[in-house]
Amino acid sequence: MCSWSRPAPAGPRRRARQAALLAFAVLPAACSDLGPGDGELADLPEGEAASAAQELALPFPIDERKSLLVTDVDIVSEFKLKDVFQQLIDQSGAPGLTPLALFQRFIDTNRSDATGIFADVPHCDEVLGNTDDIYPPFDPGSVGGPVPIEQQVQTGSRNGWPIFCPRPIGIDATRDPFTDLTAGHAYTATTLANRFDLAPPDGADCGEYRIVFARRSGAFSGVQRHFIIFEARLPNPNPSLGRQACRPVVEFWQNLSDPAKSPATRASELKAFYFDGLPGFEPVIHIDHYGNAPGPNHGHVRTNEFTFFPSASQAANTTWSLREFRVTHGTSSAPSLSIVPSFVDDNPAAKLFSPAASSDPRVSSFQGIVFPSLVNRLAAADDINRFAYGSSLPDELNAGESLATPFNNNYLNAFDSGGSLKSTIQSSLTSMGSDLTPEQVVARAQSLSCAGCHEPLDRDGSTPTFDVGVPGTPFPDTLGFTHTSEKTESIDGTTRQRFIISGALTGVFLPFRKRVMEEFLLGDPILGFEKPNAWTASRSVQWQHTGRVKEGVASLEFRPLAAGATLTSASFSTAGFTPVGDKIKIELFVPTIQANPSAVGTVEVRLSIPSAGISNLSAGSVDLTSLPRGTFSTVVFPALPASAVSALNAAPSDVQLKFVFNVAINSTTINAGPYYLDNVRFEN
């Protein structure tokens with residue numbers, strides 16, 4: 001029990017978390033090292049308790065630097081940029097195309113038409129920028145020193161929004177990065193990223209899997225940095241099974257944490273996963289996984305660039321630019337392959353947040369319709385990892401690039417006094433009982449942009465006060481415009497090296513992604529509300545929600561419309577849960593706004609097991625009036641009789657739960673919820 005190093009068979013690994021909690025609680029304190037108390041798991045904070053228990057239920061703990069973000073030099077060095085390009089070319093069947101030609105054409109998009117190398121490449125100024133769309137407007141007095149005009153004003157345009165053109169990295173369109181791999185203009189892989197947490201609740205795909213390549217010059221020059229990030233969406237081979245069809249992918253990444261595996265073994269397995277694919281799955285590196293079909297969930301290639309090549313006629317580059325590209329290809333009868341510029345998904349242009357009057361229909365649509373419809377989802381999350389819009393922005397609102405400097409991507413700076421948009425946001429916050437301010441909601445939107453994630457800046461350009469409204473959790477530190485570095489550090493004091501990553505990754509993002517993996521491997525999709533349409537509503541309406549969540553990636557948003565509103569689960573099996581405890585527990589969010597704050601009402605749970613002759617057996621009722629409002633509480637239903645516990649431990653497959661809400665409503669029902677439910681379990 002102290003070492004827990006032997007693998008467990010698949011069945012016990014997937015048992016409910018409460019069995020592991022119970023096992024962990026009886027560990028002697030000297031072995032578990034739980035602190036000065038009696039050593040019980042209850043002494044640990046909730047997140048640590050769950051993590052400790054899950055590590056016991058899995059054959060070995062998930063190592064974040066092996067199973068979520070791999071930067072070990074001896075592993076990522078097996079991935080070559082040339083090989084990625086060659087695989088895409090081979091899949092496309094494009095005749096005569098070489099990795100060098102594909103790379104140079106891709107980089108040439110950063111040049112202007114006047115200086116471009118390839119006439120048929122979409123250069124950055126093939127559509128001129130509209131200076132009226134630049135926000136904030138360029139002020140010559142704000143520029144210190146001789147800054148070239150192309151860095152003063154965004155002269156190009158992408159998706160109808162201005163971009164800086166040309167970009168200095170365009171010089172590499174004349175260079176060969178593949179012959180001399182030690183050259184400053186060559187590229188080295190620094191990072192392999194597992195983003196299963198991006199797999200949608202309905203399992204439309206199995207998440208995103210990334211490779212980051214960095215220009216080698218960034219290791220010794222802070223002004224010659226360029227990253228190329230391949231972000232592939234991996235299709236679900238059996239979408240009818242939802243996220244459960246993705247289990248082999250999750251188990252593949254989990255098994256990389258096996259302490260018995262050498263770095264060479266992990267490198268070989270990762271290379272096969274990316275280039276060949278798991279049985280039944282396409283390889284990660286595939287021409288259809290990088291945006292050939294447009295849309296936010298079809299993958300893309302991104303760049304993060306800050307390069308300065310000094311010459312007599314050019315002053316220092318002043319902008320960090322993050323851009324997005326799509327890999328497009330032809331057909332078998334007319335094969336082709338290109339990496340073409342696109343807009344940056346879910347990155348609204350800064351001008352859209354400005355309160356200044358505008359005749360631009362995009363601004364009026366964004367401020368009057370689009371953004372107000374997104375406020376509820378943005379405000380609902382109490383975890384930085386769960387910030388999201390909930391639905392994709394209309395394409396025409398997405399900026400052509402995302403700028404970390406200067407203020408061209410600073411939504412807070414554009415929002416300023418807020419105007420009518422501020423009033424609209426505040427109205428939405430008030431109606432949902434939220435204590436957030438409109439500025440905090442806009443800051444959350446900014447954090448979702450490329451630049452906002454890489455370098456979150458407050459309205460005046462400072463970072464320490466970037467307030468997203470999560471108590472005690474300021475937005476975490478990056479490495480300054482990046483989350484991964486071209487520089488390395490020792491791995492646990494050994495001679496092995498790995499590329500450095502940001503504190504935001506180690507302290508905030510990776511622990512969350514690890515938890516998503518653990519909860520997927522150990523949880524039940526019905527009881528965790530992870531499976532769409534697994535619950536049916538009566539006298540109520542329901543939606544799956546990915547913001548207010550206690551476990552996994554989704555909860556159930558539930559709005560009672562009448563007394564006796566019910567939620568009924570699909571039938572499920574307890575085969576993986578045994579031994580089943582004598583209490584039913586659930587995480588329940590009680591809304592702040594109530595029709596009758598002094599008498600909210602009750603929630604009851606009922607159990608049915610037709611094969612055991614049990615129908616609508618009440619397992620207890622809980623009064624909601626005394627529960628905290630505007631937060632999740634653990635609700636315990638303690639009245640599960642011994643006969644029902646015995647029936648559940650026989651592992652029937654026709655178990656069904658029903659939650660009955662007898663809560664106060666009013667004539668408009670506007671104040672009757674919504675409630676949020678998550679993580680049902682049976683516990684002792």
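This is a predicted model: local features need pLDDT of at least 70, side-chain atom pairs count only at pLDDT 80 or more; totals for chains, interfaces and linings use all residues.
Q: Why are helices α12 and α15 called roughly perpendicular to each other?
A: The axes of α12 (residues 361-380) and α15 (residues 438-448) cross at roughly 85°. Angles from 65 to 115 degrees count as roughly perpendicular, so α12 and α15 get that label. Their axes also come within 10 Å.

Q: Which residues make the contact between α12 and α15?
A: From α12 come F371, V375, L378 and A379, and from α15 come V441, R444, A445 and L448.

Q: What makes the residues of that contact of α12 with α15 nonpolar, polar or charged?
A: It comes down to residue type: Ala, Val, Leu and Phe are among those that count as nonpolar, while Arg counts as charged. On that basis the contact of α12 with α15 divides into seven nonpolar, no polar and one charged.

Q: Where do α14 and α15 meet, residue by residue?
A: On the α14 side you'll find K422, I425, Q426 and L429, and on the α15 side P438, E439, V441 and V442. This set divides into five nonpolar, one polar and two charged. V441 turns up here, and V441 is also part of the contact with α12.

Q: What makes β13 and β19 edge strands of their sheet?
A: Five strands form this open sheet, in the order β13-β16-β21-β18-β19, with antiparallel pairing. β13 (535-538) and β19 (614-623) each have a single partner strand, so one side of each has no neighbour in the sheet. From one strand to the next, the twist averages 20°.

Q: How do you know that β18 and β21 pair?
A: Two strands pair if there are at least two bridges between them. Strands β18 (residues 601-609) and β21 (residues 656-663) have eight bridges, in the antiparallel sense, so they pass that test. To spot the pairing by eye, look for V605, which stands opposite F659 in β21.

Q: Which helix packs on this sheet, and which strands does the helix touch?
A: That's α18 (residues 642-649), which touches β18 and β19. The direction of α18 makes about 55° with that of β18.

Q: Why do β14 and β20 stand at the edges of the other sheet described here?
A: This one is also an open sheet of five strands with antiparallel pairing, running β14-β15-β22-β17-β20. β14 (540-545) and β20 (631-637) have a single partner strand each, so one side of each is left without a neighbour in the sheet. Here the twist averages 30° from one strand to the next.

Q: What makes β15 and β22 a pair?
A: Three bridges join β15 (residues 555-560) to β22 (residues 675-683), and the two run antiparallel. The cut-off is at least two bridges, so β15 and β22 qualify as paired. E557 stands opposite Y676 in β22.

Q: What lines the largest cavity?
A: There are 16 lining residues, and Q154, P162, A349, A350 and N408 lie nearest the centre. The lining divides into nine nonpolar, four polar and three charged.

Q: What makes N159 stand out?
A: N159 has a positive phi of about 60° although it isn't a glycine. Most residues other than glycine have a negative phi. You'll find N159 in the loop between β2 (156-158) and β3.

Q: Where are the cis peptide bonds at P166 and P579?
A: One runs from C165 to P166, with omega near -5°, and P166 is in the loop between β3 (161-163) and β4 (187-195). Another joins T578 and P579, with omega about 0°; P579 lies in the loop between β16 (565-569) and β17 (583-590). Most peptide bonds are trans.

How values were computed. Residues are numbered from 1 along each chain as its sequence is written. Side-chain values use heavy atoms; hydrogens and water are left out. Helices (H or I, at least four residues) and strands (E, at least two) are DSSP runs, numbered from the N terminus. Axes are lines fitted to C-alpha atoms, for helices over the stretch in contact, and angles run from 0 to 180 degrees between N-to-C directions. Contact means heavy atoms within 4.5 Å. Angles under 35 degrees count as roughly parallel, over 145 as roughly antiparallel, 65 to 115 as roughly perpendicular and the rest as oblique. On a 1 Å grid over the protein atoms alone, a cavity is a set of points where a 1.4 Å probe fits but cannot get out, and a pocket is an open set with protein on both sides within 12 Å along at least five of seven lines; lining residues have an atom within 4 Å of a point.
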